[in-house]
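Hello,

Here is the structure I promised to pass on. My notes follow below it.

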Amino acid sequence: IAQRGQLERILCCLSGYSVGTDSLSKSQIPRLSKVNLFTLFSLWMELFPSAEQQKKSQVKMSRLTVKKSGLVVVKNMTIIGLHCSSTDLHAGQIALIKHGSRLKNCDLYFSRKPCSTCLKMIVNAGVNRISYWPADPEISLQNEASNPMTTDDAKLDAKAVERLKSNSRARVCVLLQPLVCYMVQFIEETSTNFDFIQKIAKSQPDFNTDFYTACRQEKIKEYESLFLISNEETHKQILMTIGLENLCENPYFSNLRQNMKDLVLVLATVAASVPVFGCFGFYSTDSQPANETHHQGLPQEIARHCMIQARLLAYRTEDHKTGVGAIIWAEEKSRSCDGTGAMYFVGCGYNAFPVGSEYADFPHMDDKQKDREIRKFRYIIHAEQNALTFRCREIKPDEKSMIFVTKCPCDECVPLIKGAGIKQIYAGDVDAGKKKADISYMKFGELEGVTKFTWQLNPFHTNALEFHDPMTRESKWFFIFINVFYD
Ligand SMILES: [Zn+2]
Ligand SMILES: [Zn+2]
């Protein structure tokens with residue numbers, strides 16, 4: 001009976017009935033559910049470009065990707081922490097250091113089933129729910145052996161995890177929800193409308209977006225090898241070891257694999273929308289005092305990583321026409337224990353109607369509607385506004401803080417961002433200087449005191465490449481940064 005109860009719980013989670021799902025009727029465009037968004041964020045955090053990794057790739061260490069684990073800490077369905085493991089600490093240990101007893105009643109989304117070292121502390125802190133991606137567990141990171149899951153330590157750990165799980169108040173489960181119909185197609189279509197792809201397309205003959213398709217295919221291959229287990233039998237073996245034998249039977253097993261595959265497709269499709277392409281990146285052409293650390297830009301890989309977080313958030317939008325995502329990060333004065341280096345999460349949001357409103361409460365029409373009174377613009381809360389409102393940390397005046405927005409901030413938001421004391425904006429600027437019927441983007445260009453990093457061709461790239469061609473790619477980048485800020 002107990003087993004059947006457990007099976008039902010898992011199946012419930014898989015089909016998405018046990019947690020608040022977003023019915024399609026609320027908005028007519030496909031939306032990512034919150035649970036799927038958190039799961040995607042946990043996977044994405046595994047790929048956070050850490051300083052350690054950058055150093056390693058500079059000295060050309062043999063392994064290109066250092067496998068990590070990612071973690072999203074959620075309180076009342078709002079993200080309060082984005083973490084990834086470092087060389088010394090697991091993601092769960094980092095969450096404990098960072099949040100302590102504030103973990104009480106939180107939901108944790110892991111990219112790997114946490115090991116017993118992490119789980120005992122997290123359970124002890126009184127978390128509400130622990131969800132994990134049902135592929136390689138965390139313990140597999142510690143063993144370099146060919147099949148790490150079969151070592152005695154791994155088996156002992158798995159047993160301890162099961163025991164901790166069955167004796168804890170927290171629910172330890174796999175929370176995956178099937179995507180709504182056409183979600184992947186919708187993301188693929190809309191990705192090309194964003195500033196990042198648009199700007200590159202303009203530089204291509206015939207304005208084509210073939211490079212996006214190529215980049216997407218490359219990402220799909222890369223992420224499938226990172227997050228999925230290609231061999232079904234191996235996957236079953238892993239599920240057995242981590243206590244998910246119930247999921248090894250069909251149709252549950254094939255549903256689970258399809259579900260995982262779909263989410264990896266979403267991640268690859270979104271990640272390809274801010275591509276590594278030629279000399280495109282986030283650059284500032286503002287004249288700022290070069291010695292001011294608050295104006296120094298992030299390494300391109302980190303800026304791109306954070307913008308892709310914002311792009312993921314955009315698929316939670318309640319606006320039919322344009323999804324916008326925004327995320328705020330800040331940098332502490334010194335490096336912390338987190339795999340994110342000195343950076344920490346402050347807040348995030350997407351454009352939506354006021355919290356708690358029902359579908360029919362507010363108008364949804366845009367400027368095609370002649371009657372201005374029934375247009376949406378006076379009711380929609382912008383992504384930047386939601387990120388500021390629901391932030392979990394204060395914006396400290398003496399720290400470098402930055403907001404990543406998927407499109408140009410409008411005239412409502414620019415003074416808010418500046419007023420909040422945010423030091424840097426990373427955004428697209430295709431709309432900058434435009435005035436539309438109910439929304440205008442005039443203030444962004446003139447904004448002073450906040451450094452703007454917009455998606456563009458590296459304005460300094462010619463001289464850096466000419467003089468330093470024998471260098472490796474990494475040191476070239478480094479040189480470009482030096483150029484930007486000290487030239
Ligand atoms: Zn651990
Ligand atoms: Zn705005």
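Start with the open sheet of six strands. Its order is β6-β11-β10-β9-β7-β8, and the pairing is mixed. The edges are β6 (280-283) and β8 (343-350). Each has a single partner strand, so one side of each lacks a neighbour in the sheet. From one strand to the next, the twist averages 20 degrees. Bear in mind that this is a predicted model.

Look next at strand β7, residues 325-331. It runs antiparallel to β8, and seven bridges join the two. One residue pair to pick out is Trp329 with its bridge partner Phe345 in β8.

Helix α12 (residues 300-314) lies across β6, β7, β8, β9 (400-405), β10 (424-427) and β11 (451-457). Its direction is at about 145 degrees to β7.

Now the other sheet. This one is open too, with five strands in the order β2-β1-β3-β4-β5 and mixed pairing. Here β2 and β5 (171-173) are the edge strands, and each pairs on one side only. Neighbouring strands are turned by 15 degrees against each other on average, direction ignored.

Helix α2 (residues 34-46) touches β1, β2 and β3, and its direction makes about 145 degrees with that of β1. Helix α4 (residues 91-99) also touches β1, β2 and β3. The direction of α4 makes about 125 degrees with that of β2.

Some pairing details within the sheet:

- Strand β1 (residues 70-75) runs antiparallel to β2, with six bridges between them.
- Leu71 stands opposite His83 in β2.
- β1 and β2 form a hairpin with two residues between them. In the turn, Asn76 has a positive phi of about 50 degrees.
- Strand β3 (residues 107-110) runs parallel to β4, joined by four bridges.
- Phe110 has Tyr132 in β4 as its bridge partner.

Strand β2 (residues 78-84) is an edge strand, yet mostly covered: six of its seven residues are buried.

One loop residue deserves a look. Where is Ala125 in the chain? It sits in the loop between α5 (116-124) and β4 (129-132). Is Ala125 buried or exposed? It counts as buried, because it has 20 C-beta neighbours inside 10 Å, and the cut-off for buried is 20 or more. Leaving out residues up to four places away in sequence, Ala125 touches Leu96, Ser101, Leu103 and Lys104.

Then helix α11, residues 252-271. It has 20 residues and reaches 29 Å from its first C-alpha to its last, close to the 28 Å expected. Its buried residues include Leu256, Asn259, Met260 and Leu263. Val264, Leu265, Val266, Leu267, Ala268, Thr269, Val270 and Ala271 are buried as well.

An unreviewed UniProt entry annotates residues 263-283 as "transmembrane region". In the model, that stretch is 43% helix and 19% strand. Its end C-alpha atoms are 31 Å apart.

Last, the overall figures. The protein has 17 helices and 11 strands. Of its 487 residues, 43% are buried. Among contacts with a separation of 6 or more, 69% are between residues 24 or more positions apart.

Best wishes

Key: Residues numbered from 1 in each chain as written. Chains lettered and ligands numbered in written order. Predicted model: local features only at pLDDT ≥ 70, side-chain atom pairs only at ≥ 80, totals over all residues. Pairing = 2+ DSSP bridges. Axes fitted to C-alpha atoms, helices over the stretch in contact; angles between N-to-C directions. Contact = placed C-beta atoms within 7 Å. UniProt positions renumbered as here; feature names shortened; annotations may be inferred. Buried ≥ 20, exposed ≤ 12 C-beta atoms within 10 Å, placed from the backbone. Expected span 1.5 Å × (residues − 1).
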